[in-house]
Amino acid sequence: MDRKRRQPDSHNDFGHHKNKVPRESPRDNPAPGRGGHHRAGPNFPLELRPFLDHLENCDRREVSPFLQQHRGELAEVLNRMELGIADVPCVIRSLRVAAEMAASKEKAEPILQLVIRSPFLLRSLLHFIAVFDGCGSRSNRAAMDNLIALLRHLTLAFPESIQTCISVPVDVLTVRLQRLHDLSSCLSWPMKKQLLDLERAVNEAFPGRQRMPTWGMFTPEHPKDFHDLSVFPSSEDMAGPVNPTVLPNKVAGPYESNFVYLDTHFRLLREDFVKPLREGITACLAPRSHFVEAPDQTRELRIYRKVQILHPVCQWEGVMYKVQFDVDKSRRGAWRDFQSLRKGSLVCLLATDCEEIFFASVAKSRPKMLAQGLVLLKFSTSHLQLSKYVYRHQFMMVESPAFFVAYRHVLQGLQEMDVKRVPFQRYIVKCKASIHPPAYLQQRDVSLDLRPLLRNCKEAAETEVESAMRGDSSSLVEPRSDQTLPEEEGHLLEEELLDAMEDGVSSAGTAEEVNPSDERMRTEESIRLVEGDGNVAEEHHPAAQRNPNPRPGEEFIRIRDHQLQAAEESPGLGPGPGLGPGPGLETVGLTSRASEPADKGLDAVQERGRPAGQSDHLTGPDMYKVNPFKQDFRSLRWLNHFDRSQLKALQKALKREFALIQGPPGTGKSFLGLKLVELLLHNRSLWQNDAGNHCPILIVCKTKHALEQFLEGILEFKATGVVRIGGYSKNKKVKMLSLEVIRKATLQKILTPTQRCRFKELKEKIESIKEDIIYCSKVLELLPVGILHEKELEPEMKVDMTELGLTSVPVDNMEEMVILKWLKIPPRLWPQDGCESGTSQWVPGAESSRYSNCQSDKSPSTEFSCRHRACEDDEEEIEFDLDGSDPCDPLCSADQWAAEKFAYIANPDLSDKDALGIQKYLADQSIMRKEEVQKIQDVWELNLVDRWRLYRKWVVAYEEKLHSTINGSVCLYEKLAQDLSELILEENLMILEPADVVGMTTTGAAKFRALLQKIKPRIVIMEEAAEVLEAHVLTTLTPSCQHLIMIGDFNQLKPKLTDDTLGSEYRLDVSLFERMVKNKIPCEQLSHQHRMRPEISQLMASIFYSNLKDHRSVTLYEDIRHNHARSTS
């Protein structure tokens, strides 16, 4: 039966008039022939064209309900063999929208199931893919984007059908787009990424089949040498899963070589910030689907829309780019409270119509700028490469969840490190357990003045006077008790053996291994620890005795309870009768373990420990000089305010060039670190540079807060010579230590005339180049909205006349504004003073000067006069007046100079139809090809469309020359900015020359690595070492470092990673501190805690610290008060 007879012409196939929008059927299951299920066969009575027309024109929100109510018509369309090529994009779009806009999974699944059951995938869709001719037009790009999204929905909804039907169109589509890509049919990067993710999902459905190689749109090969890898990510990094060249951290055993060690940690650290961004972009580009949960990466990402790159901006660090983005109205006044777009953050810019993606770091962002949707970015690519894409596209900007500046400088430091000169490679790479002494202590016959370890100077003076008057040395050492606890004897013997093994290592490093049996014999004969009764020395701590003037470092805990103070000041805790505090000698030796009387053992110690020629009685400072290689600090009675584990850790830290101190909570890690600094500073003559060059001690902490606390403790015993590099501090005491404050106060006094002259020359050159960049950038800003003067385009026109045989051009020496007449711009839109504005600054034949021909006697930039900015905050931005984005008012402003290059600039008023039409012509991207230009006989005979295409050809050539000029200026500007940085580095070295202590965070140490290389610190003390990633520790060290002391506790906190899977699968969360302990590198653990009640400390002791003991003071803490009535109810 004829279908037209069943349905009148005046109505469509849904029973509605053609001029009216069809209403949706109120019934869920309409009858056949009225939107119900179709009847198979060619005689299906409904027309399909109105159905398809409705799908093509209806709103996105209406597609899913419409298809749910008309599944019969949809099934008929999908089953038709003769479905036209023009109709396939409409069907694909409707299916994708229905899958994404459906209210639930149950609503979307029946619609997609019709696709799986129909021959659409293997007939109409394959035909459409076969004739697809590229993504040159916007409609083709949209169709391909919908197709990839639809296939992805099908793989998620019906994974069991991937092998049978879904994989076929995916494979054909992959091959087809690969062919088109090889034929220079450029695909956008987001499309390539989506297709690669789709291909990967299909490959996962074939477990027994080898993975298909990554197709040629992305480079599959990764550099074998980590030096060849870029610190900034690349498009290849964002394309696939984890880089196969990333190897896990080797926790147990040594590394094969220094290169393997550096390569492993470089790639692991780089993957830690690349992987979250890669997964976030993948989730961002993936279609919204009800068949998979929204990944966490999309919640962590910050995405900014409608991003446009405006123009270059010159800052003292180099050339940045001003970027504008769409601002969420709800957050315009709340940018100060967010961590969005912090200085140093990494962003990725991608566009649906751009074949490349770009990475940049945030160079400058302030709340006022962010509220206006403005930010300055520092791109990783050159200006010449950026100019090909960034000015013609609107981007989406994705901010990485990882704080890039913390990775960037560390990775650069690893690449700059000499593979053959890895610091402390004997332990870090080879995991040798025998530790050498520091290089500055090559001679074992050295003495350390231990007076800083006394409680206070008054005690030292009184003891010194008392000993001189008595001439008595009986109180120098602690006598050995006749009774030794059985459980302690084995432990002490083991300690003696380890100490002897360590002391037996030659200072030159020739003794790689030590024979334990030989050392045990030598230990039993000559190296004996001098101990008390086992209950005196180990119970003492700086907080255990009252100090009238306690220092912050010594006041470890505050004791407020009078009963607790009385208990700690009882005679049982102090020195025994006749053994009061006394001076120590470097002649104190070690006694044997025989059960001889105490006085006899003491005499033997004094007799055997005194060097040849040493007098029996010493007075003055020499009384406190001790040889750390020959005497145990625990034998000195005047150090009984330390517990035994603290004294041992302190002595081992001084004797070992690679020292580890583990401190459980409350055991005094920071206190011991401060004492080490004080002792080393007091004995600076031992480790200062032999050539007379001053080198400070470097203090490194993980966080800014910990560093400020440590430096504040140092100020208690050293008020001058302490410098904090990097970072802005709110602490008034620490703020005065910053290099920036010291620089402002002292720089002008120490600068030489040569340095002043060099700075003046650099400043003048930088300002001149900056003027060129700014003025040319203004022309770039006006190109999309203005028509260039014919005299500006005359060189490009002459090239076409010479090379392409163009016979005429729109130039008339006797008449102005010919270009506007040629482009048929209405005269009423011409500028009033067009004749003057078009020629006042143009110099004929001066190619090199036409982009910078506005000369001014006044300097256009003054931001470099405030050049005292030595460092930038590694965690918070310092606010300085160094904007430099706009020059001072020269005789002719950049805006005026750029405007005079144009014969016409579009009016922002869109009410004028002629002006609106001109803007459309300016926005068009089509240009005339060379072959077409060769066929032109007279440019005045061209139609208006071709005239604009020819004009745009000349503008593109003009723009390329302009970008080439800017690129040359940018390169020169960057070089001069680097020279300025080197000059500032020299000035900083002059300021730091008298410094004794330099404090940095781990990020700051990597950022100012060049400065560290110059100051050459021999001693590095690292707090919170167990929380620091191994690569961060490595970049803190320089080849001049001879002594590394790491203090921390890996049982408390591990290094923080951006991606936790790198910790669980690749062991990146294992710090250098923990790895060394696991490889049996000697580590001293503090044993007495002074903070927690025993009930609490025992919880930790049973799990983490088997040797943890409670100081007697914690047993006297007052009970926690509570409401007895409430507890009994």
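Me: Helices (H or I, at least four residues) and strands (E, at least two) are DSSP runs, numbered from the N terminus. On those terms, where does Phe424 lie?

Reply: Phe424 sits in the loop between helix H16 (405-416) and helix H17 (425-428). A word on the source: this is a predicted model, where local features need pLDDT of at least 70, side-chain atom pairs count only at pLDDT 80 or more, and totals for chains, interfaces and linings use all residues. Residues are numbered from 1 along each chain as its sequence is written, and side-chain values use heavy atoms, with hydrogens and water left out.

Me: What makes the backbone of Phe424 worth a mention?

Reply: Its phi is positive, about 55°, although Phe424 is not a glycine.

Me: Is Phe424 buried or exposed, and how do you know?

Reply: Buried means under 20% relative accessible area, exposed over 50%, partly exposed in between (1.4 Å probe, protein chains only). Phe424 has 10%. That is under 20%, so Phe424 is buried.

Me: Why is Lys1016 called partly exposed?

Reply: Its relative accessible area is 45%.

Me: Why is strand E2 described as largely enclosed by the rest of the structure?

Reply: E2 covers residues 318-324, and six of its seven residues are buried, so the strand is largely enclosed.

Me: How do you know that E1 and E2 pair?

Reply: Two strands pair if DSSP finds at least two bridges between them. Strand E1 (residues 302-315) and E2 are joined by seven, running antiparallel. Cys314 has Val319 in E2 as its bridge partner. A hairpin of two residues links E1 to E2.

Me: What makes E5 a partner of E2?

Reply: Four bridges. The cut-off is at least two, so E2 and strand E5 (residues 374-379) pair. Their sense is antiparallel. Tyr321 stands opposite Leu377 in E5.

Me: Which strands make up the closed barrel?

Reply: The barrel has six strands, in the order E1-E2-E5-E4-E3-E6, with antiparallel pairing. The twist averages 50° from one strand to the next. E1 also meets strand E6 (residues 395-399) over four antiparallel bridges. There, Arg302 is bridged to Glu399 in E6.

Me: Which strands does helix H35 touch?

Reply: Helix H35 (residues 944-992) packs on the sheet and touches E1, E2 and E5. Its direction makes about 120° with that of E2. Axes are lines fitted to C-alpha atoms, for helices over the stretch in contact, and angles run from 0 to 180 degrees between N-to-C directions. Contact here means heavy atoms within 4.5 Å. Helix H12 (residues 258-285) lies across E1, strand E3 (346-350), strand E4 (358-364) and E6, at about 35° to E3.

Me: Where does helix H9 bend?

Reply: H9 (residues 162-182) bends by about 30° at Val168, and Pro169, a proline, follows within four residues. That bend is the angle between axes fitted to the seven residues ending there and the seven starting there. Pro169 is among the buried residues of H9, as are Val170, Leu173 and Leu177. The buried residues of H9 pack against helices H6 (105-117), H7 (124-130), H8 (138-157) and H10 (189-203).

Me: Why do E11 and E17 count as edges of the open sheet?

Reply: The open sheet has seven strands in the order E11-E14-E10-E15-E16-E9-E17, paired in parallel. Strand E11 (722-724) and strand E17 (1084-1085) each have a single partner strand, so one side of each has no neighbour in the sheet. Inside the sheet, five bridges join strand E10 (residues 697-701) to strand E14 (residues 997-1001), in parallel. Cys701 stands opposite Thr1001 in E14.

Me: What percentage of the protein's residues count as buried?

Reply: Of 1129 residues, 54%. The protein holds 42 helices and 19 strands. Among contacts with a separation of 6 or more, 78% come from residues 24 or more positions apart.
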